[in-house]
Amino acid sequence: MNVVKRCVVAATLGLVMSGLAACSPEAPEPTGCTGACNLASLGRARGIRIGAAVTANRLPDADYAAAVAGHFTAVTPEFDMKWRAIHPTPTSWNWDAAERIVTFAEQHDLSVRGHALVWGKASTNPDWLLAITDPAEFRSAVLDSIAVEVGHFAGRIDRWDVVNEPFLSDAAGLDPNVFHQRIGADYVDVAFHAAHAADPTAELWLNEATLERGHSRANAFVAFVASMVQRGVPIHGVGIQTHLISGNPLQPGVLGSVVSRLRALGLKVAITEMDVPTGSTRPASEQIAAYRQAADECFAAGCEEFTTWGVSDGATWLDLPATRAAMPELASFAIPSNPLLLDAAFRPKPAYAAVADALWARPLLT
Ligand code: XIL
């Protein structure tokens, strides 16, 4: 049995479920995962970031912190940089939680994806912003917020999700959200230009959901991004969230094709928020296969980052009542939905080994 298979089999049987070694310890060298199927080391050796969404108030938990530092090379703040959290009143900034994440990242050699400067979802925006009806005043609040936040972290955060989920979730066009209504249809461009002015060295990303489903919505999204590039908007990357909450399997080749088309525009591409709920109602094999397929297709087409939306099954937004209420399709997944790569005790799951194997198959940096 070669070592790649050993990784999967060992983890699938639950033989090796702790710490950094998800491979059989007697795996022959130098093939396979070379001693430890650790995502962070596999990713570093291949120039592919392995990320997790993190929350500042969990970092004092030593097990949580060890898992973040031990298995990942990048973090995305799950809440702490959202507008409602970081800029709660017109005159106040709440830097503390975001600072704790950035400082933790600096101490552990993790990069940070700033998330997210502009997002139309009402509940993530402060009431004071939503209350501004004058277009000029609203625009100035947005420009000011981007300038202050990106400027604050300049040199410490090297990439930002500038706009999150600009498209309608179920149609092939821009969501007529509050930013669109107040600033205009060019609000995405406006936000990117503002972020670029605040830190010309930062990578600026557009982040979107359900692109992995393909179809006309993904095609329209790729065309929208192409038009941004054509207009000279300073966009450098596109994030594909990959929350597989529909329960439907990935259609072979669709994710890879979306990645390839975005790469052909000269852009960087990442999986930015992957999770695959299973609960007790779905076979674990579906989760393992989904992670493996997403990783394989994304890496083969040139993705440079693979981030999951959370650290362990012990805490996931998919189990929160608010998320459940907003997404009825989650009802088919029992709680806990166990959607991540580490279990609730921070042990690597079979899905972790599947991503490790996908990474291992990628070429080493030379
Ligand atoms: C979610 C958080 O996980 C929730 O806890 C929060 O209440 C709402 O936002 N797409 C995104 C993320 O881009 O920011 C969302 O995170 C999940 C969906």
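Which residues lie nearest the centre of the second largest pocket? They are Gly247, Asn248, Pro249, Glu286 and Ala290, among the 15 residues that line this pocket. The structure is a predicted model, in which local features need pLDDT of at least 70 and side-chain atom pairs count only at pLDDT 80 or more, while totals for chains, interfaces and linings use all residues. Residues are numbered from 1 along each chain as its sequence is written, and side-chain values use heavy atoms, with hydrogens and water left out.

**Pockets**

A pocket is an open set of points, on a 1 Å grid over the protein atoms alone, where a 1.4 Å probe fits and protein lies on both sides within 12 Å along at least five of seven lines; lining residues have an atom within 4 Å of a point. The largest pocket has a volume of about 1000 Å³, a volume being the space filled by probe spheres set on the points, which are joined across faces, edges and corners. Its lining has 35 residues, and Trp119, Lys121, Glu165, Trp317 and Met327 lie nearest its centre. By class, this lining divides into 13 nonpolar, 11 polar and 11 charged residues, where Ala, Val, Leu, Ile, Met, Phe, Trp, Tyr, Cys and Pro count as nonpolar, Asp, Glu, Lys and Arg as charged, and the others, Gly among them, as polar.

**Strand 4**

Strands are DSSP runs of E with at least two residues, and helices are runs of H or I with at least four, numbered from the N terminus. In strand 4 (residues 159–164), 6 of the 6 residues are buried, so this strand is largely enclosed by the rest of the structure; buried means under 20% relative accessible area, exposed over 50%, and partly exposed in between, with a 1.4 Å probe and protein chains only. Strand 4 pairs with strand 3 in the parallel sense over 5 bridges, and two strands pair if DSSP finds at least two bridges between them.

**Salt bridges**

A salt bridge is a side-chain nitrogen of Lys or Arg within 4 Å of a carboxyl oxygen of Asp or Glu, and the count comes to 20. Three of them are set out here.

| Salt bridge | Closest N and O atoms |
|---|---|
| Aspartate 158 and arginine 159 | 3.0 Å |
| Glutamate 208 and arginine 217 | 3.2 Å |
| Lysine 349 and aspartate 313 | 2.7 Å |

Aspartate 158 is partly exposed, with a relative accessible area of 40%, whereas arginine 159 is buried at 1%.
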